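Subject: Structure handover

Hello,

Here is the structure I promised to pass on. Please open it first, then read the notes below.

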Amino acid sequence: MPEETILETRDLVKEFAGFVAVNGVSLRVARGSIHALIGPNGAGKTTVFNLLTRFLPATRGAILFKGDDVTHARPAEVARRGIVRSFQMSAVFPALTALENVRVALQRPLGTSFHFWRSERTLDALEARAVELLAAVGLEADRDTVAVELPYGRKRALELATTLALDPELLLLDEPTQGMGHEDVGRVVALIRRVAAGRTVLLVEHNLSVVQDLARRVTVLARGAVLAEGSYDEVSRDPAVLEAYIGATP
Amino acid sequence: MSGRALRAWAWAAMVLVGLAAPYLVYPVFAMNVLCLALFASAFNLLLGYAGLLSFGHAAFLGSAAYVTGITLRTWGLPTELGVLAGTAVATLLGLVFGALAIRRSGIYFAMITLGFAQLVYFLVVQLPWTGGEDGLQGIPRGKALGVLALDGPITTYYFVYAAFLAGFWLIQRAIHSPFGHVLRAIRENEPRALSLGYDVARYKLLAFVLSAALSGLAGSLKAVVLQFASLSDVHWHRSGEVVLMTLLGGMGTVLGPSVGALLVVTLENYLADVGSWVTVITGAVFVACVLAFRRGIVGEVRALVRRSFIGGKP
Ligand SMILES: Nc1ncnc2c1ncn2[C@@H]1O[C@H](COP(=O)(O)OP(=O)(O)O)[C@@H](O)[C@H]1O
Ligand SMILES: [Mg+2]
């Protein structure tokens with residue numbers, strides 16, 4: 001039985017003032033899988049994420065999510081349809097507490113986000129769910145800590161909790177283990193595996209053992225184009241990949 | 001003490017001082033302070049909570065003052081209708097300017113708002129019913145609700161004070177509303193708010209329109225209080241002054257802008273004798289305060305209170 005495709009890109013191209021950062025990328029991400037996007041620095045991975053979430057307009061090509069063309073959707077709309085990203089640099093709301101960070105994400109479905117005449121106490125109803133999400137990433141003790149004061153690994157966990165608050169169908173994670181110590185990496189891998197249950201994850205990751213651990217399918221990007229695709233074992237034996245990617249990193 | 005308790009105290013202090021004020025200082029002085037305090041608080045909603053620096057807020061204050069002046073003088077409407085008309089025009093202006101400026105940020109946003117404000121200034125100078133260089137003189141205060149004649153300074157004061165409290169309450173409510181929380185998230189990390197599905201431009205636009213509307217209310221009240229509307233209300237000096245008042249008092253604090261307004265109006269009043277030195281002295285005070293109190297006067301006090309009572313971080 002062929003797998004259902006949740007996300008498809010057709011010949012996606014992004015040019016920056018003549019420089020081609022993404023060059024004809026066609027991807028198919030199967031629903032329910034963890035799909036990794038790897039490649040050397042500057043290969044265009046983050047740019048692909050920016051195109052998928054419409055943070056940047058594509059120069060050419062099409063993006064289909066669940067069969068719908070979202071190539072020209074607004075970024076907030078893409079998020080509301082169920083594609084939610086994390087950022088390469090951790091993205092929290094620094095002056096808000098951990099609880100408030102998660103609550104902001106939970107708040108939108110209430111439909112009162114433009115209600116400037118309503119008391120903030122109406123948000124108290126979201127607290128239980130926010131605490132639950134914090135607990136899911138091991139942050140229950142930090143609920144009242146201002147995000148800027150959390151250590152790096154916890155910031156990333158908070159970011160993940162905030163993302164999960166939207167219950168996205170497709171999670172885009174940009175180097176979730178970057179800058180982490182060995183122990184934190186293990187925790188994040190376990191966390192990703194846990195949250196991937198029932199959803200699809202597209203993962204950009206430099207740490208190849210993490211990729212090997214998590215990803216069912218791997219797409220290798222080099223200089224903006226797809227170099228190879230397959231299981232981790234397949235692509236890691238591909239001579240072109242060895243040369244462009246593994247050969248390039250010591 | 002929690003944030004909510006602290007706010008309740010601030011409110012109580014403010015209401016009491018406001019009630020007693022016309023018996024402690026000249027009512028017209030107190031009313032002038034109220035108008036500019038409301039103006040600065042409305043500005044602070046935009047700068048302190050949405051992170052947007054407008055350099056054209058005089059357009060809203062001034063246009064509302066003129067509209068109120070014209071409706072009261074030529075049509076003899078009840079005072080509150082004149083005030084509402086001024087506020088409504090400022091709100092519309094805010095919607096139009098905001099829609100065109102809101103997608104820009106930082107210095108570009110400031111420059112576009114300044115440009116629009118200059119346009120309003122030009123119109124006010126040129127249009128036939130604004131009195132040109134002389135401004136609108138002799139605006140009648142009229143009757144509030146059609147019955148309460150605002151001829152005495154004390155009656156007028158309480159009318160203005162009631163309107164101020166309503167406006168001030170709305171600003172505080174907006175800051176501490178579901179909308180206010182989204183606004184703060186956008187200020188903290190705009191791309192992240194966007195990635196959570198918030199159309200950030202719409203939230204900023206609403207903040208801009210609210211700020212313009214309440215600046216308009218301040219301008220309308222000012223026209224009622226001083227019984228004139230003048231070019232100085234639409235001049236870019238006003239747009240600069242409100243930035244100064246907000247930063248002096250403490251941007252992003254409840255009482256800061258009002259304290260800043262009180263300080264600036266007091267300085268201008270007591271230094272009126274020394275003529276053009278006012279500007280220089282206000283400037284010097286501003287520089288000194290910004291150097292000494294980075295968070296503004298109220299911002300520093302708040303940090304101190306939090307350190308000593310809550311033991312938390314500022
Ligand atoms: N906004 C931009 N403007 C110009 N060039 C960019 C922009 N964003 C990325 N690039 C360029 O596109 C290429 C791919 O970048 P990126 O997608 O960040 O790579 P990766 O995430 O794979 O390391 C790089 O050469 C980068 O300099
Ligand atoms: Mg990258």
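Which residue of chain A forms a salt bridge with Asp199(B)? The partner is Arg74(A), and the closest N and O atoms are 2.6 Å apart. A salt bridge here is a side-chain nitrogen of Lys or Arg within 4 Å of a carboxyl oxygen of Asp or Glu. The rule finds 2 salt bridges across the interface of chain B and chain A.

Some ground rules before the rest. This is a predicted model, in which local features need pLDDT of at least 70 and side-chain atom pairs count only at pLDDT 80 or more, while totals for chains, interfaces and linings use all residues. Residues are numbered from 1 along each chain as its sequence is written, chains are lettered from A and ligands numbered from 1 in the order in which they are written, and side-chain values use heavy atoms, with hydrogens and water left out.

The interface

Chain B brings 29 residues to the contact and chain A brings 38 residues. Contact means heavy atoms within 4.5 Å. About 3,000 Å² is buried between chain B and chain A, and carbon and sulfur atoms give 60% of that area. Buried area is the accessible area (1.4 Å probe) that two parts lose on being put together, summed over both. On the chain B side, Pro178(B), Arg192(B) and Leu196(B) lose the most area to chain A. Together they make up 22% of what that side buries.

Polar contacts cross the interface too. The rule finds 18 residue pairs, both at pLDDT 80 or more. A polar contact is a pair of N or O atoms within 3.5 Å; within protein, one must be able to donate a hydrogen and the other to accept it, and residues adjacent in sequence count only if both atoms are side-chain atoms.

Which helices of chain B each supply at least two residues of the side that touches chain A? They are H1 (3–24), H6 (153–175), H7 (178–188), H8 (190–195) and H9 (200–226). H7(B) gives the most, with 7 residues. Helices (H or I, at least four residues) and strands (E, at least two) are DSSP runs, numbered from the N terminus. By class, this side of chain B has 14 nonpolar, 6 polar and 9 charged residues. Ala, Val, Leu, Ile, Met, Phe, Trp, Tyr, Cys and Pro count as nonpolar, Asp, Glu, Lys and Arg as charged, and the others, Gly among them, as polar.

Aromatic pairs

The count is 15 aromatic pairs over all chains. Rings of Phe, Tyr and Trp (its six-membered ring) pair if their centres lie within 6.5 Å; planes under 30 degrees apart count as stacked, over 60 as edge-to-face and the rest as tilted.

Why is the pair of Phe55(A) and Phe87(A) edge-to-face? The ring centres are 5.9 Å apart and the planes stand at 65°, so the pair gets that label. Phe55(A) lies in the loop between helix H1 (45–52) and strand E4 (60–65) of chain A, and Phe87(A) in the loop between strand E6 (83–85) and helix H3 (98–107) of chain A, so the pair ties together parts that are 32 residues apart in sequence. Phe55(A) is partly exposed at 24% relative accessibility. Phe87(A) is buried at 12%. The cut-offs: buried means under 20% relative accessible area, exposed over 50%, partly exposed in between (1.4 Å probe, protein chains only).

Phe164(B) and Phe168(B) form a stacked pair, 5.5 Å centre to centre with 25° between the planes. They are 4 residues apart in helix H6 of chain B, separated by about one helical turn. Phe164(B) and Phe168(B) are buried.

One aromatic cluster is formed by Phe114(A), Phe116(A), Trp117(A), Phe179(B), Tyr198(B) and Tyr203(B).

Backbone and buried sites

Most residues other than glycine have a negative phi. Ala17(A) has a positive phi of about 45°. Ala17(A) sits in the loop between strand E1 (5–16) and strand E2 (19–30) of chain A, and is exposed at 89%. Arg54(A) has a positive phi of about 65°. Arg54(A) is buried, with a relative accessible area of 16%.

Ser239(B) lies in helix H10 (residues 236–249) of chain B and is buried at 1% relative accessibility. A polar atom of the Ser239(B) side chain lies 3.5 Å from the backbone nitrogen of His57(B).

Best wishes
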